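Reader: I would like to go through this model feature by feature. Where do we begin?

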Amino acid sequence: MDFEAIKRAAEGYKADMTRFLRDMIAIPSESCEEEGVVKRIKAEMEKLGYDKVEIDGLGNVIGWMGEGDKIIAIDSHIDTVGIGNINNWDADPYEGYETEDIIYGRGGSDQEGGMASATYGAKIMKDLGLIPEGYKIMVVGSVQEEDCDGMCWQYIVNKYFNGPEDARSKIEFVISTEPTDGGIYRGHRGRMEIRVDVKGVSCHGSAPERGDNAIYKMADILQDVRALNENGDGPSNKVKGLVKMLNPAFNPEHYEDAQFLGRGTCTTSQIFYTSPSRCAVADSCAISIDRRMTAGETWDSCLKEIEDLPSVQKYKDDVKVSMYMYDRPAWTGEVYETECFFPTWINKESAAHVQALIDAHHALWGEERIGHADADPYKDAMHLRQGRPLTDKWTFSTNCVSIQGRYGIPCVGFGPGAESWAHAPNEITWKQDLVTCAALYAAVPGLYKPENKTDDVTEFRQSLTNNDIK
């Protein structure tokens, strides 16, 4: 394989990838509102000579290169979060701007930059004849990840393919282009969205003792939820903190995997109430909990931890703990109902698909993370990368929760940008990252050794719920 030719080709497309990314940034594309950016991606793929470009029923855009039966897929979610408080931005987040080195705007790192690199990575494969015989490349611009990570691939697996068994038989592996700060990522924590509802009884606010204030009950529960996240796991802690899963005494089978992924966390993300008026006692209160799960934790253990909190036990008859469901219509109008449970997963570093990316990085860019170095800390990528291992894991969650976590289709991550810029104001990505990633994607299919593939690529994969979810 001519690695220098691959690097030249990727560098030659830098201006095209920059223009394409800026066009995507300029089109607001929050979850369920991605139609405009989907059509822009489709047009780019058609211009570049993709063999086939299609939009599925959910609104995912899928481009194909090659004619084989075996599939290597590259996934980029092309929805973004909103911009939040516009006053926190130094420039228009959709108009954006570019310098010689950076691209500014919502979605640059998270993660339309990945879509730009993937689209051109497949183009380089075609230009240089890098798609192995018997393979084809599936480039996916997936929707609704920010709302419900992985649901887009639940649709692809069950509606585009004929279910998990069919998808597993055809897809060798999937590369996620979520931002990895120059690293190759082989896993991440899972998550779930938990709701706690508390009942009360309303009365006139002039005599609150006649009622039962649901907000006061929830105040006690909130303190216990905070303690669950912040406490240690020692004998003096009535509420044992989530850090306990790093301790072999509490997690004997999976503490090493938990130490790799990092501890689980929980935080209260939303609060709701009902009350007849501002002059009345609240008769209900509810909270949403963002629960990040490490190895060794299960969906039911996470629910039970909340149910077992002292304050929840205190108000037991008036408290309900549940997991959210998701049924928001896609931009096409399609609804794919699923649960808000997103399984934890880890790959073995020795897995053939992980090694293909490692081999490509070593051949193209060396054994350490690379990126743009700048005297201006805002523009500098290397302070986020230097000294970190090349092979690591994400802190946040990705579509791989379904692809590998739910279905066991091997995943691995390498994408442009920085995880710390996700959902942040003044988001940027780096032009050099677009080049680095496009080149690596182009090289991977030819370096993948299917003869080294085994049935046990997964180091840890979380058990699923007992809900009837496809």
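Author: With the naming: helices (H or I, at least four residues) and strands (E, at least two) are DSSP runs, numbered from the N terminus. The model is predicted, so local features need pLDDT of at least 70 and side-chain atom pairs pLDDT 80 or more, while totals for chains, interfaces and linings use all residues. Residues are numbered from 1 along each chain as its sequence is written, and side-chain values use heavy atoms, without hydrogens and water.

Reader: Which residue follows helix 4, and is its phi positive or negative?

Author: G129 follows helix 4, with a positive phi near 65°. Helix 4 itself spans residues 108-128 and is mostly covered, with 18 of its 21 residues buried (under 20% relative accessible area, 1.4 Å probe, protein chains only; exposed is over 50%, partly exposed in between).

Reader: How do I read the packing of helix 2 and helix 4?

Author: Two packed helices are described by the angle between their axes and the distance between the axes. Here the axes of helix 2 (residues 14-25) and helix 4 come within 9 Å and cross at roughly 135°. Helix 2 is therefore oblique to helix 4 (under 35 degrees is roughly parallel, over 145 roughly antiparallel, 65 to 115 roughly perpendicular, the rest oblique).

Reader: How do strand 1 and strand 2 pair?

Author: Strands of a sheet pair through backbone hydrogen bonds, either parallel or antiparallel. Strand 1 (residues 52-55) and strand 2 (residues 61-66) are antiparallel over four bridges; pairing requires at least two DSSP bridges. E54 has I62 of strand 2 as its bridge partner. In this hairpin, with five residues between the strands, G59 has a positive phi near 110°.

Notes:
Axes fitted to C-alpha atoms, helices over the stretch in contact; angles between N-to-C directions.
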